[in-house]
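The entries below follow the order in which I checked them.

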Amino acid sequence: MHDFIERITAYIHWALFLLLETLSGFLLFQYNHYQGSVWFTQANAVAAMVHEWEEVALAYLRLPEENAALVRRNIVLQQQNDLLRHGNLPTSLLRKGDTIASFTLPVNETGEAYSQIEARIIDNSVRKRDNMLVINVGSDDGVAPEMGVVSGTGVVGIVSAVTSHYALVMSVLNSHSSISCRLRGTEYFGYLKWKGGSPLRACMDDVPRHAHIKKGDIVETSGFSAVFPAGIFLGRVAEIKNSSDGLAYELEILLSTDLANLRHVSVINNHSKAELDSLLSQ
């Protein structure tokens with residue numbers, strides 16, 4: 001106890017000094033307009049700087065969520081753009097924002113409806129002959145084989161197998177991948193295939209020779225399968241070549257999606273797929 005009192009006695013002058021400094025500062029800024037305004041301005045500037053740092057930190061933490069929302073929105077806008085080009089967008093959809101926000105859109109004149117399941121890529125490859133990727137959603141989330149996987153920039157691949165919480169996706173960069181596609185603004189269609197090499201290049205086969213094509217033309221999903229709705233961006237024509245038999249064109253496509261730098265995707269669930277598959281199997 002004696003040592004404690006000695007310590008207080010030894011430092012009491014510092015405590016008294018700080019108390020008097022605080023009191024004098026309070027009196028100075030409280031009763032002097034100029035000094036008070038200076039203090040108020042500087043204090044606000046410091047507080048604003050701290051809040052700015054806090055907002056930057058919080059914004060960084062929100063990036064995954066915001067990126068996923070942008071992916072969903074971009075896919076919806078691609079679908080709506082295709083409907084507008086073909087005059088199939090229902091007037092009720094144009095009026096009701098809640099229909100758009102639900103991300104369940106009729107995408108063609110047959111009334112097929114698609115919804116999206118958000119996912120994150122947890123494993124990926126782009127340098128192999130048959131590239132696959134793994135996403136963090138599975139059968140418990142409503143994912144099933146043969147569902148399409150897309151990003152905000154275009155097609156990613158097709159679900160190959162699922163477990164309860166994960167799904168294996170056959171990437172566009174896979175030698176077995178074949179996606180029905182068309183040249184935007186035309187009815188000329190073919191199949192998008194990857195033949196190795198650059199992860200940013202693929203080929204569109206079976207394009208008729210009477211088709212009018214130029215570099216830069218947009219290639220998109222055709223909607224001829226139950227996997228992808230029509231109008232999802234695939235890429236642009238980079239080169240126009242003859243097929244090996246000379247009966248058609250083979251187009252080199254610059255892919256819109258860089259799969260090497262992809263994190264957030266959406267799985268496309270076609271609610272009419274089971275009915276269509278049952279019909280086609282008869």
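**Salt bridges**

I looked up Glu239 and Lys215 and found that their side chains meet in a salt bridge at 3.6 Å, N to O, the term being used for a side-chain nitrogen of Lys or Arg within 4 Å of a carboxyl oxygen of Asp or Glu. Glu239 lies in strand β11 (residues 233–242) and Lys215 in the loop between β9 (201–208) and β10, so the pair ties together parts that are 24 residues apart in sequence; strands are DSSP runs (E, at least two residues), numbered from the N terminus.

I note that the model is predicted, that local features need pLDDT of at least 70 and side-chain atom pairs pLDDT 80 or more, while totals for chains, interfaces and linings use all residues. Residues are numbered from 1 along each chain as its sequence is written, and side-chain values use heavy atoms, with hydrogens and water left out.

For accessibility I took buried as under 20% relative accessible area, exposed as over 50% and partly exposed as in between (1.4 Å probe, protein chains only). Glu239 is partly exposed at 34%, whereas Lys215 is exposed at 53%.

I then turned to Lys214, which forms a salt bridge with Asp217 at 3.2 Å between the closest N and O atoms; Lys214 is exposed at 56%, but Asp217 is buried at 15%.

Next I checked Arg184 and Glu220, whose side chains meet in a salt bridge of 2.6 Å, N to O. Arg184 is partly exposed at 25% and Glu220 is buried at 0%. I also recorded that Arg182, Arg184 and Glu220 are linked in a network of salt bridges, and that the count of salt bridges comes to 8.

Terms used:
Helices (H or I, at least four residues) and strands (E, at least two) are DSSP runs, numbered from the N terminus.
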